[in-house]
Amino acid sequence: MTRYLRRADTRHDGRLRMFCFPYAGGGASAYAGWQRWLGDGVEVLPVQLPGREGRMSEPRFTDLPALVADLDRELGEQLEGPYVLYGHSMGALVAFALAQHRRARGERLPLALLLGAHRAPHLPAPPITHGYVADDMELVRGLAALGGLPRVLLDRPEWLAALLPVVRGDLMLCDGAGSVDRTPLPVPLHTFAGADDRLVTVPEIQEWSLYSTNGDCETVVVPGGHFFIRDKESVFLDRLSEVLSRYTDIADLLGMDLVGAPSD
């Protein structure tokens, strides 16, 4: 059992697996309703990073290569079958870096990378990325402008005080994006952009096409801002389901040998 997955039973059952990485300040709960919406054709596995939610007492990673190495070490056994990676905002960077780490080590790659609300890594980082050096009020204003702070947090200063250190640590991690290998990957890239995103533009997200040698790259534009997975969840999940349907049959064929395999 890995600390990164909440489920007690993580044995392969032959389905396509989708590992989901959160945005800065977020946790695995951001993906809590996805399994019910997407149905049984895909196994949704939200990844719980340390220093938040059920792992609040654990030290947070602020170094991207160190986090990726730990993820690969902890999740490696779970990545032996057919899988895809979804990451939103910071999570997109983590997913891409993990795929690069596994490519460099000659490990199994995802069938596809699904990346939401993050500009291509060769583009300059947005100002909010350097928000970890800002004072609390400046950081709060920046997050609020992006729609990243639910109203309930603004009304509960004690909750906000607990969240801000997590966000600062995650923004430090994002500031290390320059350390990520930018070698194009031999996998399809499907990117998702919010039509009203104030942080990332559609053309900036379309630049991800430079990072695949597969040729099967597309950008899906959905309603909403930077946090469209929360604010326009049903619309987004319908579009995500359409993309995932391209890989479930492949996963069924590749995953047959895994069903019934003994587990440790």
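Buried here means under 20% relative accessible area, exposed means over 50%, and partly exposed lies in between (1.4 Å probe, protein chains only). The structure above is a predicted model, in which local features need pLDDT of at least 70 and side-chain atom pairs count only at pLDDT 80 or more, while totals for chains, interfaces and linings use all residues. Residues are numbered from 1 along each chain as its sequence is written, and side-chain values use heavy atoms, leaving out hydrogens and water.

## The chain as a whole

Let us start with the overall picture. The protein chain holds 9 helices and 6 strands. These elements are DSSP runs numbered from the N terminus, with helices (H or I) of at least four residues and strands (E) of at least two. Of the 264 residues in the protein chain, 51% are buried. The accessible surface of the protein chain is about 11600 Å², and carbon and sulfur atoms supply 53% of that surface; such areas come from the Shrake-Rupley method with a 1.4 Å probe, and for residues only the protein chains shown count as cover.

Contact means heavy atoms within 4.5 Å. Among contacts in the protein chain with a separation of 6 or more, 81% are between residues 24 or more positions apart.

## The nonpolar core

A nonpolar core is a set of buried Ala, Val, Leu, Ile, Met, Phe, Trp, Tyr and Cys residues joined through side-chain atoms within 4.5 Å. The largest one has 78 residues, and those with the most contacts inside it are Met18, Trp34, Leu71, Tyr86, Leu113, Leu114 and Leu240. Helix H3 gives this core its largest share, 9 residues. Leucine 240 touches Met18, Trp34, Leu38, Leu114 and Phe192, with residues up to four places away in sequence not counted.

Helix H2 covers residues 64-75. At the start of H2, a side-chain oxygen of aspartate 63 comes to within 2.9 Å of the backbone nitrogen of alanine 66.

Which residues of H2 are buried? They are Leu64, Leu67, Val68, Asp70, Leu71, Asp72 and Leu75. Their cover includes strand S1 (16-21), helix H3 (90-105) and helix H6 (157-174). Aspartate 70 counts as buried because its relative accessible area is 7%. Leaving out residues up to four places away in sequence, aspartate 70 touches Arg3, Tyr4 and Phe61.

H3 should span 22 Å with its 16 residues, and its end C-alpha atoms are 23 Å apart, which agrees. This helix is mostly covered, with 12 of its 16 residues buried; among them are Met90, Phe96, Gln100 and Arg102. The cover over the buried residues of H3 includes S1, H2, strand S3 (83-88), strand S4 (112-116) and H6. After H3 comes glycine 106, whose phi is positive, near 75 degrees.

| Residue | Relative accessible area | Class |
|---|---|---|
| Cysteine 20 | 0% | buried |
| Threonine 191 | 2% | buried |
| Tyrosine 247 | 6% | buried |
| Cysteine 217 | 26% | partly exposed |
| Alanine 195 | 47% | partly exposed |

Threonine 191 sits in strand S5. Its side chain makes a polar contact with the side chain of threonine 219 at 2.7 Å. A polar contact is a pair of N or O atoms within 3.5 Å; within protein, one must be able to donate a hydrogen and the other to accept it, and residues adjacent in sequence count only if both atoms are side-chain atoms.

Alanine 195 lies in the loop between strand S5 (189-194) and helix H7 (202-206). Apart from its neighbours within four places in sequence, alanine 195 is in contact with Val221, Val222, Pro223 and Gly224.

Tyrosine 247 belongs to helix H9 (residues 233-255). The C-alpha atoms of tyrosine 247 and proline 82 are separated by 9.0 Å, although these residues are 165 residues apart along the chain.

How many disulfides does a search of the whole structure find? The search finds 0, where a disulfide is a pair of cysteine sulfur atoms within 2.5 Å.

Key. Expected span 1.5 Å × (residues − 1).
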